[in-house]
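Subject: Structure for your reading, with notes

Dear colleague,

Please find below the structure that I am handing over to you. I would be grateful if you kept it open while reading the notes.

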Amino acid sequence: MSTTAARPGAGVVQVTGELIATRRVGAYHHLTFVAPGLAEHARPGQFVAVAVGGPTSANLLRRCFSIHRVSPSGTYGGTVDVVVAAHGPGTQWLTDLRAHDEVDIVGPLGRPFPLPKEPVPTILVGGGYGSAPLFWLAETLRERGCRVEMVLGAATESRLFGVVEARRCADGVTVTTDDGSLGHRGWVSDVLPELIRSTGAGVVYACGPMGMLRSVTEVATAEGAVAQVAVEESMACGVGVCMTCVMPVRGNDGVTRMVRSCVEGPIFRGDRVRWESFENGYCTVPADALGAPKEGGH
Amino acid sequence: MGVFGSTRLTALGSRSQTETVRHGHSVADAADDAAVRGAEPAPAVDMSVDLAGAVLPSPMMTASGCAANGKELHRFFDVTELGAFVTKSVMAEPRSGRGTPRMAETPSGMLNSIGLQGPGIRAFVENDLPWLKQAGARAMVSIAGSTSGEFADVAAILRASEAFDAVVGVEVNISCPNVANRGLVFACDPHASAKVVALVREQLPRDIPIFAKLTPDVTDIVTIAQAAVKAGADGLTMINTLLGMVIDTDLLRPQLGGVTGGLSGPAVRPVAVRAIWQVRAAMLQGRLPFVPIVGVGGVRTGRDALELVAAGASAVQVGTATFNDPTAPVRVGRELRDLLQDKGFARFTDVVGIAHERVG
């Protein structure tokens, strides 16, 4: 176990993390790593970038996961928990790890969820295992006196994450599944308007697929609430140097820029994201974005 | 040290001679040193290099476009540990770059299609360069353009900037599309390459070396290297990425938004070693003056770096490996130093191009 890089004051560490627990949770894997120095800096909404396949791996790009939980001290020292869905060679490698295997972890990265200054009612929306960072956020919000409602949605029951945990750390929980295998049949956006109205929520936090984040933003905006969304863009580095995880976001000055979701995000105000640019798996650069391609492209 | 700096203005013949003498001498030295040392710990290896007048304490650099402009990696290591910090290619105006997906993972590498996203040279000299200066970094500024005139304009604004004294060299990224020639990249055409280099050379003071960054996607890289050096390039950086493409087999369409992209990572290292070898060999044959080669392409470890150096590189950039390990540019430097020490070399420069003397 070693901290291989941590410049004083950087607020981030690169550590060799030992896996101490791995268990299946529905369609996902919940992994706990010993990661000295990481937990102390972490806030809900931040993420870790994990190298996969060992030092000679042919899969060079780091896999990024939002932090499910951290524990600054315990039997093993500081730990970090992430939730992984095995859908490619890198995530498969991670879910095949056994206890005491070691993984290179960089974190915490990105900006955390902004917390309200006043104890306003809040709603936390998680799509699939996008709910992973929300339980820690719920506890943090409740410590500040905020009422917390959670909405967990997925295609089917096995793809929900944390329903039991949600009941423990939220004031109320609503579950939706596309196929009706648990909770309401339908989407999270079906139940959201009424929930915002009945709770008087001022902030809706959401984490999950882009389409869901867009509809949560639309519903929240229509109901007069602020949406804070954690985006899932694919990243190569997670630390701000590869420029692959960009998306069009309007700044305080009203100008749209292609910003890096790893350093400027992953949390954005939903009404600042140019959702109309995302279509069919592509994101195009809005014509009014700073430095957008002229006629004929770059 | 000083081999390139002290000989680059002399006649071609004497340059070759200097090179030969240097290598003959150093190998014998290393052997003697090893014999005398016995069980004593080996002395520290002198890692300093003189790249056409840019004297650097280390041959290690970031690779343009793989390290942003300094702040991000300074969280993981002190950027002054590098010989030079190579910035992301900057053009005249701000550029959004392309849409996404911009990236695809490939075996031991990746494909990228960023589209030269950047703040534009004015914002660069106002924000990024002063940051590098206050951090104490030696900046190698990478510049790009859609026309040869744009390269010159960018160089002129750079030269006039307040923090220009932090600049130890300029890398001319001629591997970008030339709008005046139907988008063919400058570095695929010797005349276009020469024109850009000549215009940039005019804009910069003589004591700032310029390095032309070459693409391996050409029939004969030596021809391009010759044109660039003849036009005034003080050194050559090679290689840029190779053009590639990935098909998403679920959607049966190109995976990148930009359709094609640049292939990088350990998968391309043998191509870099080959390109460096060919250009170095041409120098040894007198077909090209001796200028320093900055090696880049697929370096992940000190051993990888040593391959490029032995083929002829006087400095080494670490690019895609930084995505895997943010400390890679300095880690590779330490590994390279330890490797040279284990092999009994006293000076990094003694190993530059050494493989050419050892061919069967």
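The notes below describe confidence, a surface patch, annotated positions and salt bridges.

**Confidence**

Please bear in mind that this is a predicted model. For the complex, the predictor gives an ipTM of 0.95 and a pTM of 0.92. Chain B has a mean pLDDT of 90, and 88% of its residues reach 70 or more.

**A nonpolar patch on chain B**

Which residues form a nonpolar patch on the surface? They are Met245(B), Ile247(B), Leu252(B) and Val259(B), and together they have about 390 Å² of accessible area. Met245(B) belongs to strand β11 of chain B, which covers residues 242-245. With a relative accessible area of 45%, Met245(B) is partly exposed; a residue counts as partly exposed when its value lies between the 20% limit for buried and the 50% limit for exposed.

**Positions annotated as a binding site**

An unreviewed UniProt entry carries the annotation "binding site" for Lys88(B), Asn112(B), Ser113(B), Ile114(B), Gly115(B), Leu116(B), Asn173(B), Asn240(B) and Thr241(B). Two of these positions are described here.

Is Gly115(B) buried or exposed? Gly115(B) is buried, because its relative accessible area is 11% and buried means under 20%. Gly115(B) sits in the loop of chain B that runs between β6 (109-112) and α4 (121-135).

Thr241(B) is located in the loop between β10 (235-238) and β11 of chain B. Its relative accessibility is 26%, so Thr241(B) counts as partly exposed. Apart from its neighbours within four places in sequence, Thr241(B) is in contact with Asn112(B), Thr215(B), Pro216(B), Asp217(B), Gly262(B), Leu263(B) and Ser264(B).

**Salt bridges**

How many salt bridges are there over all chains? The count comes to 27. Several of them are described below.

In chain A, Glu276(A) forms a salt bridge with Arg274(A), and their closest N and O atoms are 2.8 Å apart. Glu276(A) is partly exposed, at 46% relative accessible area, whereas Arg274(A) is buried, at 8%.

Another salt bridge in chain A joins Glu264(A) to Arg260(A), with the closest N and O atoms 3.6 Å apart. Here Glu264(A) is partly exposed, with a relative accessible area of 26%, while Arg260(A) is buried, with a value of 17%.

There is also a network of salt bridges in chain A, which links Arg69(A), Glu139(A) and Glu165(A).

In chain B, the side chains of Arg122(B) and Glu93(B) meet in a salt bridge of 3.6 Å, N to O. This pair links distant parts of the chain: Arg122(B) is in helix α4, Glu93(B) is in the loop between β4 (85-86) and β5 (103-106), and the two are 29 residues apart. Arg122(B) counts as partly exposed because its relative accessibility is 47%, and Glu93(B) likewise counts as partly exposed, at 45%.

With kind regards

Technical notes
Residues are numbered from 1 along each chain as its sequence is written. Chains are lettered from A and ligands numbered from 1 in the order in which they are written. This is a predicted model: local features need pLDDT of at least 70, side-chain atom pairs count only at pLDDT 80 or more; totals for chains, interfaces and linings use all residues. Side-chain values use heavy atoms; hydrogens and water are left out. pLDDT is the predictor's confidence in each residue, from 0 to 100. Patches are made of residues with over 30% relative accessible area and no salt bridge: like charges are joined within 9 Å, nonpolar side chains (Val, Leu, Ile, Met, Phe, Trp, Tyr) within 5 Å. Accessible areas come from the Shrake-Rupley method with a 1.4 Å probe; for residues, only the protein chains shown count as cover. A salt bridge is a side-chain nitrogen of Lys or Arg within 4 Å of a carboxyl oxygen of Asp or Glu. Helices (H or I, at least four residues) and strands (E, at least two) are DSSP runs, numbered from the N terminus. Buried means under 20% relative accessible area, exposed over 50%, partly exposed in between (1.4 Å probe, protein chains only). UniProt positions are given in the numbering used here, feature names are shortened, and annotations may be inferred rather than shown by experiment. Contact means heavy atoms within 4.5 Å.
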